[in-house]
Amino acid sequence: RAGDDDRATIIGAGVTLFEALAAADLLAEDGISVRVVDAYSIKPIDEETIRQASRETGLLVVVEDHWIEGGLGDAVLAALPSDGSPLTGKVVKLAVTEMPGSGTPEEMREWAGISASRIVEAVEKNL
């Protein structure tokens, strides 16, 4: 989902897509319009959509439910310069950065910083 007045782009895949959509709804309640991109394929990733979102919103918040290195965030970063255009904007990667413990899926997403509320915090902090 995308709009002309979007101030940020949230990129998710799988379970984090649902968190991204919930975060977009929460942000909309506060008058902050964001677009959400479903990165259902990392290889190949939709480079043009990512570059367009970066140009149009200036802020990409990438949310993934596994280790931060080598995943969706890195694929997004690699897609940005692939057409040779100058890089602008900001990319924020939200992902697992410590060895997880036990908990419900909701508790673990909150702990890892990839829940809807934590995505909202990241967007607001970086606007």
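I started with Glu 64, which touches Thr 16, Gly 71, Leu 72, Gly 73, Leu 94, Ala 95, Val 96 and Ile 114, residues up to four places away in sequence not counted. Contact here means heavy atoms within 4.5 Å.

Ground rules for these notes: this is a predicted model, where local features need pLDDT of at least 70 and side-chain atom pairs count only at pLDDT 80 or more, while totals for chains, interfaces and linings use all residues. Residues are numbered from 1 along each chain as its sequence is written, and side-chain values use heavy atoms, with hydrogens and water left out.

**Glu 64, continued**

I placed Glu 64 in strand E3. For elements I use DSSP runs numbered from the N terminus, helices being H or I with at least four residues and strands E with at least two. Is Glu 64 buried or exposed? Its relative accessibility is 1%, so Glu 64 counts as buried. The scale I use is buried under 20% relative accessible area, exposed over 50%, partly exposed in between, with a 1.4 Å probe and protein chains only. I also looked up Gly 113: it is 49 residues from Glu 64 in sequence, and 9.8 Å from it in space, C-alpha to C-alpha.

Leaving out residues up to four places away in sequence, I found Val 61 touching Thr 9, Ile 10, Ile 11, Val 92, Leu 94, Ala 122 and Val 123.

Then the largest nonpolar core, which has 23 residues; Ile 10, Val 34, Val 61, Leu 94 and Val 123 touch the most other members. Two or more residues each come from strand E1 (8-12), helix H1 (15-29), strand E2 (34-38), strand E3 (59-67), strand E4 (90-96) and helix H5 (116-126). My term for a nonpolar core is a set of buried Ala, Val, Leu, Ile, Met, Phe, Trp, Tyr and Cys residues joined through side-chain atoms within 4.5 Å.

**Thr 9**

I found Thr 9 in strand E1. At 0% relative accessibility, Thr 9 counts as buried. Neighbours within four places aside, Thr 9 is in contact with Arg 35, Val 37, Ala 53, Thr 57, Leu 59, Leu 60 and Val 61.

**H1 against H5**

At what angle do H1 and H5 pack? I noted about 60 degrees, with the axes 8 Å apart. Axes are lines fitted to C-alpha atoms, for helices over the stretch in contact, and angles run from 0 to 180 degrees between N-to-C directions. From H1, the contact uses Glu 19, Ala 20, Ala 22, Ala 23, Leu 26 and Leu 27; from H5, Ala 116, Ile 119, Val 120, Val 123 and Glu 124.

I followed Val 120, which is in helix H5. Its 10% relative accessibility means Val 120 counts as buried. Val 120 touches Ala 23, Leu 26 and Leu 27, again without residues up to four places away in sequence. Asp 25 is 95 residues from Val 120 in sequence and 9.6 Å from it in space, C-alpha to C-alpha.

**Last stop, Pro 44**

Pro 44 sits in the loop between E2 and helix H2 (47-57). I noted that the peptide bond from Lys 43 to Pro 44 is cis, with omega near 0 degrees.
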